[in-house]
Each structure stands twice: as C-alpha cells, then as structure tokens.
Amino acid sequence: MENNSKKRITVEIAGVSLNIVTDENEEFVEKIAETLNDRIAKMRKNSFTISVLDAALLCAIENVSDRLTAEKQIRSLQAQLSLCEMNMRNLRDEIAVLQEQARASATQQKTDGGSQLSLDMNTPDTPKEGILGSLGVSDSSPEEKISALEKYLENKRTTENPTGTTRADKIKYIESLLRGGISTDD
C-alpha cells in the first residue's frame, strides 16, 4: 500500500536534475537543494581544481559527520536528562522523608511543651531582596546558588541553635531554590 501523502519534487543540484519522492513540503526540499548548491559552489570557489562530483561528495561527508556528531550529542543530553530526573526523584523522596521527620519532631516538641525551631530569614543582615540577592548569586547558575545557600545555612548559627540549621531546614530551602527562588517570608 502506497502512502498518498508522498509527492514527487524535481530539484537541480550541482547542475543535475533529480526527482525526489518525499512527504515533505516543496519549500523544504527546495531549501535543502539551495543550501547544498550553495555549499558546493563555495567549495568550488575555494578550490578551483575540485570537480562538482568531488565537492558534492565532500558535502555529503560533512553532512554525515554533522549528523553523527548531533546524534552523539543527543544521546549524551538524553543520558544527562535521565540522570537529572533520577536525582530529582531521589531528592523529592528524601525531602518527603525529611518533611515527615520534621512533622513528627514538631509534634513531639509540642507534646513535650517545647517550641519548634524556625529560621527567621528576615534578619537585619538579610535584605528584603532575599538570601540569594544578599549572597550576590541571584543571577548565578543553579549549582552556584545551591552552594552559596548551603554555605549561608552552614554559617547561620545562633546561641539558641549552636549546631546551625537542621538538615530538614537545609532541604526545605534548597527545595525552595529549585522551585524558583528563596522566599524570605518564612
């Protein structure tokens, strides 16, 4: 059974008339032919001794090389994306566990008459533009933002909490960063 969407398009490449059967639109095929003709002409202009056939073969070699390189980059990016997705799933799972632990700890503290630890992100040394702005990393890469945030949280030690912030607090603010920014209204 033949596909009815295929059509025959005649183009001229390097002086040779070719009939191409394709399901692509005519403008697209003509653009390919025009690009190929331009590349062949440029090769012939740069080397007066090269034949049309040799120039066409060199263009074919370049195109195959470009395609193989692009396919390799696509595979690499797909692998990186899979790794990032796996890391995000792991972080979400860890955040969920830490949130549950924090809820359990808060419930335990309330029943014991204690108070729940909270981070006041609007301290006098933290301007209203947020932690990232005060750290000078608001326009940085996500990795730099996370690193700066971790350092900030590590240095945020008070007399009430000499060990610094809890791991759950750190995860909370890193999760907030990953969602698009740090809120200073906590």
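**Figure 1. Order of secondary-structure elements in the predicted model.** Read along the sequence, the protein follows the pattern β-β-α-α-α-α-α. The model shown is predicted, and it contains 5 helices and 2 strands. Of the 186 residues of the protein, 22% count as buried. Among contacts between residues at least 6 apart in sequence, 37% join residues at least 24 apart.

Figure 2. Strand E1 spans residues 7–13 and strand E2 spans residues 16–22. The two strands pair in the antiparallel sense, over 7 bridges. In this pairing, Ile-13 stands opposite Val-16 of E2, and Glu-12 has Ser-17 of E2 as its bridge partner. The hairpin has 2 residues between the strands. Ala-14 in this hairpin takes a positive phi, near 55 degrees. In a regular strand, side chains alternate between the two faces of the sheet.

Figure 3. Ala-33 is found in helix H1, a helix formed by residues 26–46. Ala-33 counts as buried because its relative accessibility is 6%, under the 20% cut-off. Residues up to four places away in sequence not being counted, Ala-33 touches Val-11, Glu-12 and Ile-13. Ala-14, the hairpin residue with the positive phi, is 19 residues from Ala-33 in sequence and 9.1 Å from Ala-33 in space, C-alpha to C-alpha.

**Figure 4. The crossing of helices H1 and H2.** Helix H1 (residues 26–46) and helix H2 (residues 52–111) have axes that come within 9 Å and cross at roughly 120 degrees. H1 is therefore oblique to H2. The crossing in which H1 passes H2 is right-handed. From H1, the contact is made by Leu-36, Arg-39, Ile-40, Met-43 and Arg-44. From H2, the contributing residues are Val-52, Ala-55, Ala-56, Leu-58, Cys-59, Glu-62, Asn-63 and Asp-66. The residues of this contact divide into 8 nonpolar, 1 polar and 4 charged.

Note on methods. Residues numbered from 1 in each chain as written. Predicted model: local features only at pLDDT ≥ 70, side-chain atom pairs only at ≥ 80, totals over all residues. Heavy atoms only, no water. Pairing = 2+ DSSP bridges. Helix = DSSP H or I, 4+ residues; strand = E, 2+ residues; numbered from the N terminus. Axes fitted to C-alpha atoms, helices over the stretch in contact; angles between N-to-C directions. Parallel < 35°, antiparallel > 145°, perpendicular 65-115°, else oblique. Left-handed = near helix turned anticlockwise from the far one by under 90°. Contact = heavy atoms within 4.5 Å. Nonpolar A, V, L, I, M, F, W, Y, C, P; charged D, E, K, R; others polar. Buried < 20%, exposed > 50% of the residue type's maximum accessible area, 1.4 Å probe, protein only.
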